[in-house]
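Me: I'd like a close look at one part of this protein. Could you walk me through it slowly?

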Amino acid sequence: LVIDLSSCEAMDSTFISALITSLKNITKAGGRMVLANLKSDAHSLMELTGTSKVFSFFPSVKEAIKSFQ
């Protein structure tokens, strides 16, 4: 699953928690979830919270999709 965050203007702890819950469920089911087009402010927030270590980030949806091949 590729989550395109290009339209995401703001991110808070609730949103990050939802992403983590989704990642856990998808991983448990044998799938994979990556994030694409994350803006620098959001990426900085994820680094501050330590969640950047949990996710794979890609600069575009195209590159995120390639990571599955």
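Predicted model: local features only at pLDDT ≥ 70, side-chain atom pairs only at ≥ 80, totals over all residues.

Reply: Residues are numbered from 1 along each chain as its sequence is written, and side-chain values use heavy atoms, with hydrogens and water left out.

Now to your residue. Asparagine 37 counts as partly exposed, at 22% relative accessibility. (Buried means under 20% relative accessible area, exposed over 50%, and partly exposed in between, with a 1.4 Å probe and protein chains only.) You'll find asparagine 37 in the loop between β2 and α2. Those labels come from DSSP runs numbered from the N terminus: helices are H or I with at least four residues, strands are E with at least two. Most residues other than glycine have a negative phi. Asparagine 37 isn't a glycine, yet its phi is positive, about 60 degrees.

Stay in that loop and look at lysine 39. Its side chain meets that of glutamate 9 in a salt bridge, 3.2 Å from N to O. (A salt bridge is a side-chain nitrogen of Lys or Arg within 4 Å of a carboxyl oxygen of Asp or Glu.) Lysine 39 sits in the loop between β2 (34-36) and α2, and glutamate 9 in the loop between β1 (2-4) and α1 (13-28), so the pair ties together parts that are 30 residues apart in sequence. By that rule, the count comes to one salt bridge. As for the two partners, lysine 39 is partly exposed, with a relative accessible area of 34%, while glutamate 9 is exposed at 69%.

β2 belongs to an open sheet of three strands, in the order β1-β2-β3, with parallel pairing. That leaves β1 and β3 at the edges with a single partner strand each, so one side of each has no neighbour in the sheet. Two strands pair if DSSP finds at least two bridges between them, and two bridges join β2 to β3.

Finally, follow the chain past α2. Threonine 51 is in the loop between α2 (40-49) and β3 (57-58), and threonine 51 counts as buried, at 9% relative accessibility. Compare that with your asparagine 37, which is partly exposed at 22%.
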